[in-house]
Amino acid sequence: MTHITESKFYGQRFTTPETRLIFADETRYQRWLDIEAALALVQSELGVIPSEVGDEIAKKAKLENLDLELVKIDLELTGHSLVPLLRELQRVCRDGLGEYIHYGATTQDIQDTATMLEMLDAFGRVDGRYYPPHLSVRSGHTRFRVSGSRYS
């Protein structure tokens, strides 16, 4: 079965090469890693975790440092979307510093943040290209408020 964005009939109507890249597996994984790195850096700065941990996690939180085949195998074994990536990041961190990855966060925290960043990235690429300026996402004219059960 083909996803609508890969359809030979409709694929180009629902996506562009730029937006397809935003939602690619590798881009999503790197975005999750970027969020984990940012979390660790801030936690190190605030003294929540040891100071050297944030730098180590940020340094290693790059796809090129990880064995994605191991992530794929672990994904099949666990069925969990994020844990295999975190385990692999933990593995490549030195001196057990990877124990602090994801400290105090939930999977939903990371994935929800990543989803919003994906949306911002996608809107940033298509805003103004596909909509007239008066309907631009950033123009303020598309904002609505909820009043009871009606949108206005």
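Residues are numbered from 1 along each chain as its sequence is written, and side-chain values use heavy atoms, with hydrogens and water left out.

**Confidence**

- The protein chain has a mean pLDDT (the predictor's confidence in each residue, from 0 to 100) of 84, and 81% of its residues reach 70 or more.
- Over residues 134-152 pLDDT stays under 50, and the model has 20 contacts for them beyond four places in sequence; contact means heavy atoms within 4.5 Å.
- Where pLDDT is low, predicted coordinates should not be read in detail.

**Aromatic pairs**

- Rings of Phe, Tyr and Trp (its six-membered ring) pair if their centres lie within 6.5 Å; planes under 30 degrees apart are stacked, over 60 edge-to-face, and the rest tilted.
- By this rule there are 2 aromatic pairs.
- Tyr29 and Trp32 form a tilted pair, because their planes are at 40°, with ring centres 5.4 Å apart.
- Tyr29 and Trp32 are 3 residues apart in helix 3 (residues 25-46), so about one helical turn separates them; helices are DSSP runs (H or I, at least four residues), numbered from the N terminus.
- Tyr29 and Trp32 are both buried.
- Tyr100 and Tyr103 also make a tilted aromatic pair, at 6.2 Å centre to centre and 55° between the planes.
- Tyr100 is partly exposed, because its relative accessibility is 28%.

**Nonpolar core**

- A nonpolar core is a set of buried Ala, Val, Leu, Ile, Met, Phe, Trp, Tyr and Cys residues joined through side-chain atoms within 4.5 Å.
- The largest nonpolar core has 25 residues, of which Trp32, Leu33, Ile57, Leu85 and Leu89 touch the most other members.
- Two or more residues of this core come from each of helix 3, helix 4 (51-60), helix 6 (83-92) and helix 7 (107-126).
- Helix 3 contributes the most to this core, 6 residues.
- Beyond its neighbours within four places in sequence, Leu85 contacts Tyr29, Trp32, Leu33, Leu66 and Val71.

**Asp74**

- Asp74 is part of helix 5 (residues 68-78).
- Asp74 counts as buried because its relative accessible area is 13%.
- Apart from residues up to four places away in sequence, Asp74 touches Gly79, Pro84 and Arg87.

How values were computed. Predicted model: local features only at pLDDT ≥ 70, side-chain atom pairs only at ≥ 80, totals over all residues. Buried < 20%, exposed > 50% of the residue type's maximum accessible area, 1.4 Å probe, protein only.
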